[in-house]
Amino acid sequence: EKIVDLQYKLSYVEVVDPNQHKSDAAILGTRVTVKDLTTGEEEQYVLVGPDEADPVAGRISMISPLGKAFLGRKVNEKVTAQLPVGSRSFQILAIESTE
């Protein structure tokens, strides 16, 4: 069953090189530094695909509530993420390629 699942996922694989998609917006593979507007703390996240997500290591899925809030946003934008524990607001401080 796991092999069938992996074969299915591989049939839809598309390699994305963040360096070929120069953008000042947060995209798959970029590191996003944000300031939590409630606590004032700075946090860093890398936007990854769902299978690569490891929230403890700061790797968040681009389809997670937090990932969706950051995706396509630019430096200095303020965003609000609807999380299971309630909404949290952030200001994007920096976006950089992880390559």
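This is a predicted model: local features need pLDDT of at least 70, side-chain atom pairs count only at pLDDT 80 or more; totals for chains, interfaces and linings use all residues.
Now look at the rings. A pair of aromatic rings is described by two things: the distance of the centres and the angle of the planes. The structure has two aromatic pairs. One joins Tyr 45 and Phe 70, with ring centres 5.9 Å apart. Their planes lie at 35 degrees, so this pair is tilted. It links distant parts of the chain. Tyr 45 sits in strand E2 (residues 42–48), and Phe 70 sits in helix H2 (residues 65–70). The two are 25 residues apart. Tyr 45 is buried, like Phe 70.

Phe 70 also pairs with Phe 90. Here the centres are 5.5 Å apart and the planes stand at 80 degrees, so the pair is edge-to-face. Again, distant parts of the chain are linked: Phe 70 belongs to helix H2, Phe 90 to strand E5, 20 residues apart. Together, ring pairs link Tyr 45, Phe 70 and Phe 90 into a cluster.

Follow strand E5 (residues 86–97) to its partner, E4. The two strands run antiparallel, joined by six bridges. They form a hairpin with two residues between them. Gln 82 stands opposite Ser 87 in E5.

Which side chains of strand E4 are buried? Walk along residues 78–83 and the side chains alternate. Val 79, Ala 81 and Leu 83 point to one face and are buried.

Methods
Residues are numbered from 1 along each chain as its sequence is written. Side-chain values use heavy atoms; hydrogens and water are left out. Buried means under 20% relative accessible area, exposed over 50%, partly exposed in between (1.4 Å probe, protein chains only). Helices (H or I, at least four residues) and strands (E, at least two) are DSSP runs, numbered from the N terminus. Two strands pair if DSSP finds at least two bridges between them. Rings of Phe, Tyr and Trp (its six-membered ring) pair if their centres lie within 6.5 Å; planes under 30 degrees apart count as stacked, over 60 as edge-to-face and the rest as tilted.
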